[in-house]
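Please examine the structure shown below together with its sequence. The paragraphs that follow lead through the places where its parts meet.

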Amino acid sequence: MLEREILLEKMKTSPYKPMHGKIIHAEMLTEKEKFFRIQLEGTINLSAQPGQFVMVSIFGYGEAPISVCSSPSDKGYFELTVRNAGILTNKLQRLGKGDMVGIRGPFGNGFPIDNMFGYDVMIVAGGLGIVPLRSLIRYIMFHRNDFGNVQILLGCKTPKELLFEEETKDWMRRAEIKFNCTVDKGDPDWKGNVGLITTLIPNVDINPMRTYGVVVGPPIMYKFVIVKLLEKKIPEHQIIVSLERRMKCGLGKCGHCQIEGAYVCQSGPVFNYAQLKNFKGECHEKAA
Amino acid sequence: MKYASLKKADLFEWLEHLKKKAKLYAPRKKENLFVLRPVKNVEDVCLEYIPTILPPKKYYFPQKEKLFKFSAQPFKTGKAIDKFEEFVLFGVHTCDIAGIQCMDVAFRDGPEDPNYLNRKDKMAIVGIECLKYCDKYANCTSMGNHVPRGGYDLMMVDIGDKFIIHINSEKGEKLVTDLGYIKEAAQADMDLLDRAREAKKKVFKEEFTGPLSKVYDVFDKSFASDIWKDVGKRCVACGNCTAVCPTCYCFDVADEMELNLDDGVRYRIWNSCQMDDFAKVAGGEDFRKGRDSRQRHRYYRKFKYPVDRFNRYFCTGCGRCTRTCMAQINLVETVNSLLNEKGIVE
Amino acid sequence: MKKQPKPKLAFFDFTDCEGCQLQFANLGNALLELTELVDIVSFREIMSEGTDDYDIAFIEGSITTDNDVLRIKKIREKAKVLVTLGACATIAGVNGIKNRSSLEAAKRIVYGDKAGIINSIKAMPVHEVVKVDYVINGCPVYIPEVISVVKCLLMGKPYVVPNYPVCVECKMNENVCRYEKDQECLGPVTRAGCNSWCVNNGNRCYGCRGLVDKPASDAAKDILQKYGLKAEDILNSFTLYNDSMGEKYDQEFK
């Protein structure tokens, strides 16, 4: 059986029962975020598309949706980066190499990679938004020739909160991508840009009709960044976002993640702006 | 046999028979209201009743349902699906059968929910058609659910000293065959059935001031209506309306540990979009703030979203949400004021 | 769970009836299972000896004297985890009625001409004096909730007291609404977590677990109107357990 079939078969017998995942590597990236590399039972590949998420369980503490930050090209394991924010993630941060977690998924719609082939890609990441975007960036790196120009704009509050430090240094050095980073507030050692991420966008040179703008960050960031991308004349369906919502099932049933008629866990978490714009209210990420 | 008849005097005998065949649930009195309960004494079964406090969903989507057992140390997961026993829901109103049809659609929609479907497989439904309104709160006529529209195994209609029973499935047929007291309905009985249905037309009138298609259109245009503010202001956020709704199925998932702190069970538990933290994420952001937007969401999940998704209204017209609301939030009034606001009055 | 030395658990009472500790003593089999996980080192109701060496402190009762303040601060210094047990300790409960009058008047009513020599301060829930790690609401506490909190405590995770009203659990239990029976039930504004214990047993809710965060004040008049009740009746019900925060509730309902 194909790995995808094994996963689907598991879902069918009980979509609520998690697979067993073993933490094979763990490290703190910042004061609040921890990185995990996880191997599934039988070393089967999760095969998550960039932008998809898994439900992570720790028995007795519950379950929470977490974005996958590795690429499907990373074989034999997948990776997560988790901020300590609730009961589950607090306990997860106390786990390390050798510990077991439950994994369900992958769930949701990832970034529209098939449509993005041949296009230029402009990635805008705010704070934790770099986590699901790392998956996309790694994918693009593995399949670099399938995409046009690639530029990455990364913003966070302070240099201390910068995630994937080694990797971002590597992105900076590479000739085949443009990488720009900014912090809201610098410190004495910081030599990069200071200011909101929206300040980087006007200077970016793009061919809007040939560009996908992929934005992931906190709700407030979307409002401002999307306006800038629209000003750049990127078509609405080429502006891609990923939304965070409360989720309990991942199956479009429990109702927590619903935005009006849409279940974010099934038709999201990735949406394009043409879809986002159709929400009448309740959607904090919509550009004003 | 398509239609059978049963003398009222033989009802208890039939109930005794059904009780022997499977677990039998039927309406009975609880104080001044009604509830569905396992039948101990067939004399307690009450077929003239206003909708039960909780709809039949508690038997195929229980308040608290085991998903699987686990052990944290060593890390183990147990079997996910229990074997369920055959059961008969007896005396179900047509509105509640419509509710079951809605839940079927929602849980069958992929990815399927095996917990729900496995329970449902074991269920037989014996309905009873209402010939008069239960009370002033129902809006079953506007929803078209005051008459049987499938979704049952047997349907009973009271024609005086007898019940006519419509046999709608093989499962239903098995519940009435080889019983001396259940006979094929005679033409005279069928005439009485026609007459009962005819009389019914004079009793049941549409409760909304506009047709259902207009209700959908109005919902499409009423997202920003001030009516939601008024409803939200009155809402106590007690969650009664969603608990008693036959088509509300939101849930939460929680773990319960045994005292050894190693073994435990993962459950799903009824939850409600009316709760303050329902759409709040761990980081603190609340994506459906305010009781007005939560109440609006509840209404839209009955009259708009499921129509778009499943081509089906998720309001059955049972009237439970209005009946149970302490703050007098009234579904018919809300819908009619939306219709009125958009100038639709018949 | 990895086997570690069992934490030591001690009970303390302040101004209360010791009824919540009695609930603990009534845990039955669960109490025996519990002793597999913790050592109960001080518990006046079930053992004669006590000790000052403990990790977890269960506090019953309100803080009502200067001496209480000193004592609870000392306990807080020693305890790694401090748990309040029952309405008196968590919301001041019945003791809060005292705060309706001036302290002097209250002392005069209770102690008459001896009022001058008695030390008494306003009745306070424990969290107004020291940091509290876990709260167990109720008068008395509800045994299954006690067990849930103890499990959370031993697993080192927070216990989240529901922030929705008792109605949620009451409806799941398919009770006939007490308002249908013309009783001014406090379920719609009282924090759940008790599995609507009182209503299941034919009683109404008295609000012993304190109010939810955002009780709906505007809705109250609809409720009163629907069931033909008077605002005073509801207010009178409130004062039984929630008087220590009386002014806040008065505002909500007037």
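Predicted model: local features only at pLDDT ≥ 70, side-chain atom pairs only at ≥ 80, totals over all residues.

How many residue pairs are in polar contact between domain 1 of chain A and domain 2 of chain A? The count is 6 residue pairs, with both residues of each at pLDDT 80 or more.

Domain 1 of chain A covers residues 3–106, and domain 2 of chain A covers residues 113–277. Their C-alpha centres lie 22 Å apart. Between the two domains, 26 residues of domain 1 of chain A are in contact with 24 residues of domain 2 of chain A. The size of an interface is often given as the accessible area lost when the parts come together. For the two domains of chain A, this buried area is about 2100 Å², and 64% of it is on carbon and sulfur atoms. On the side of domain 1 of chain A, Pro50(A), Phe53(A) and Cys69(A) supply 22% of the area buried against domain 2 of chain A, more than any other three residues.

Charged side chains also meet across this boundary. There are 2 salt bridges between domain 1 of chain A and domain 2 of chain A. Glu79(A) and Arg134(A) form a salt bridge in which the closest N and O atoms are 2.8 Å apart. Four strands of chain A, namely β2 (33–40), β3 (53–58), β4 (62–67) and β5 (78–83), each provide at least two residues of the side of domain 1 of chain A that touches domain 2 of chain A. By class, the residues of that side comprise 12 nonpolar, 7 polar and 7 charged.

The next boundary lies between separate chains. In the interface of chain A and chain B, 42 residues of chain A are in contact with 50 residues of chain B. Together, chain A and chain B bury about 3800 Å², of which carbon and sulfur atoms give 58%. The interface of chain A and chain B holds 3 salt bridges. Glu63(A) forms a salt bridge with Arg266(B), and the closest N and O atoms of this pair are 3.6 Å apart. On the side of chain A that touches chain B, α1 (3–13), β3, β4 and β6 (100–107) of chain A each supply at least two residues. By class, this side of chain A has 15 nonpolar, 15 polar and 12 charged residues.

Chain A also meets chain C. This contact takes 4 residues from chain A and 5 residues from chain C. The area buried between chain A and chain C is about 400 Å², and carbon and sulfur atoms give 58% of it. Of the area that chain A buries against chain C, 83% comes from Gly60(A), Tyr61(A) and Ile87(A), more than from any other three residues. How many salt bridges does the rule find across the interface of chain A and chain C? The number is 0. The side of chain A that touches chain C has 2 nonpolar, 1 polar and 1 charged residues.

The description now turns to chain C itself. Chain C has 11 helices and 5 strands. Of its 254 residues, 56% count as buried. Among the contacts in chain C with a separation of 6 or more, 72% are accounted for by residues 24 or more positions apart.

Chain C, too, is divided into domain 1 (8–155) and domain 2 (166–253). Here 18 residues of domain 1 of chain C are in contact with 17 residues of domain 2 of chain C. The area buried between these two domains of chain C is about 1400 Å², of which carbon and sulfur atoms give 55%. In domain 1 of chain C, the residues that lose the most area to domain 2 of chain C are Ile91(C), Arg100(C) and Tyr142(C), together 44% of what that side buries. The count between the two domains of chain C is 1 salt bridge. Arg209(C) forms a salt bridge with Glu145(C), with the closest N and O atoms 2.8 Å apart. By class, the side of domain 1 of chain C that touches domain 2 of chain C has 10 nonpolar, 6 polar and 2 charged residues.

Terms used:
Residues numbered from 1 in each chain as written. Chains lettered and ligands numbered in written order. Heavy atoms only, no water. Domains from an automatic or database assignment. Contact = heavy atoms within 4.5 Å. Buried area = accessible area lost by both parts, 1.4 Å probe. Salt bridge = Lys/Arg side-chain N within 4 Å of Asp/Glu carboxyl O. Nonpolar A, V, L, I, M, F, W, Y, C, P; charged D, E, K, R; others polar. Polar contact = N/O pair within 3.5 Å; in protein donor to acceptor, adjacent residues only side chain to side chain. Buried < 20%, exposed > 50% of the residue type's maximum accessible area, 1.4 Å probe, protein only.
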